[in-house]
Amino acid sequence: MAKRGQYSGKYAALGQLDYSIYLTHRRWMEFAFQLAKTAGDLGEVPVGAVIIDRQGNLIAEAINRKTREQDPTAHAEILAIRTATKKKAKLLSTRLYSLRYSRTLSHVCGGNYSLSLRFAGLWC
């Protein structure tokens with residue numbers, strides 16, 4: 001049994017997370033949340049996605065536009081990947097932060113991202 005404040009099982013890695021790394025993840029998840037809120041305010045499914053590079057710089061950001069553009073592929077994650085590739089960014093060591101109110105990443109978005117590059121994806 002883990003002591004209070006300690007993680008065990010599949011959450012053991014959280015106990016080893018450096019606080020500065022935590023703050024970086026939190027910053028970008030909050031940014032994705034604000035994007036999701038914007039999407040919701042525009043009548044879309046409230047989803048926001050952000051791609052950052054290894055140094056923590058913003059490469060791309062997007063919100064869902066499926067309803068407004070009548071495009072079933074206009075998921076926030078897909079649009080962020082498209083934006084990043086148009087910038088010819090090196091996507092090998094990037095992170096995708098995606099906030100979905102459903103707390104799941106769609107199989108289409110996750111599959112495309114994992115096929116397009118090696119990544120660390122963080123979803124909420």
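Q: How many aromatic pairs does a search of the whole structure find?
A: In this predicted model, a search of the whole structure turns up one aromatic pair. The partners are W28 and F31, whose ring centres are 5.8 Å apart and whose planes lie at 85 degrees, so the pair is edge-to-face.

Q: Where do W28 and F31 sit in the chain?
A: Both belong to helix α1, which covers residues 19-41, and because they are three residues apart there, about one helical turn separates them. As a general point, an α-helix has 3.6 residues a turn, so residues three or four places apart point the same way.

Q: And is W28 buried or exposed?
A: W28 counts as buried, because its relative accessibility is 4%, whereas F31, at 30%, counts as partly exposed.

Q: Stepping back, what does the secondary structure come to?
A: The protein has four helices and four strands, and reading along the sequence gives the pattern α-β-β-α-α-β-α-β.

Q: How do β1 and β2 pair?
A: They run in the antiparallel sense and are joined over five bridges, with A49 having A62 in β2 as its bridge partner. The two strands form a hairpin with five residues between them, and G56 in that turn has a positive phi of about 90 degrees.

Q: Which residues have the most contacts inside the largest nonpolar core?
A: That core has 14 residues, and the ones with the most contacts inside it are A49, I51, I59, A60, A80 and A84. At least two residues each come from β1 (47-52), β2 (58-63) and α3 (76-86), and the largest share, five residues, is supplied by α3.

Q: What about Q70, where is its place?
A: Q70 is in the loop between α2 (66-69) and α3, and although it is not a glycine, it has a positive phi of about 50 degrees. For background, most residues other than glycine have a negative phi. Q70 is also exposed, because its relative accessible area is 67%.

Q: Switching to R100, in which strand is it found?
A: R100 is found in strand β3, which covers residues 94-100. Its relative accessibility is 11%, so R100 counts as buried, the cut-off being under 20%.

Q: How far apart are R100 and G48 in sequence and in space?
A: They are 52 residues apart in sequence, and their C-alpha atoms are 7.0 Å apart in space.

Q: What share of the contacts in the whole protein comes from residues 24 or more positions apart?
A: Among contacts with a separation of 6 or more, residues 24 or more positions apart account for 58%.

Note on methods:
Residues are numbered from 1 along each chain as its sequence is written. This is a predicted model: local features need pLDDT of at least 70, side-chain atom pairs count only at pLDDT 80 or more; totals for chains, interfaces and linings use all residues. Side-chain values use heavy atoms; hydrogens and water are left out. A nonpolar core is a set of buried Ala, Val, Leu, Ile, Met, Phe, Trp, Tyr and Cys residues joined through side-chain atoms within 4.5 Å. Buried means under 20% relative accessible area, exposed over 50%, partly exposed in between (1.4 Å probe, protein chains only). Two strands pair if DSSP finds at least two bridges between them. Rings of Phe, Tyr and Trp (its six-membered ring) pair if their centres lie within 6.5 Å; planes under 30 degrees apart count as stacked, over 60 as edge-to-face and the rest as tilted. Contact means heavy atoms within 4.5 Å.
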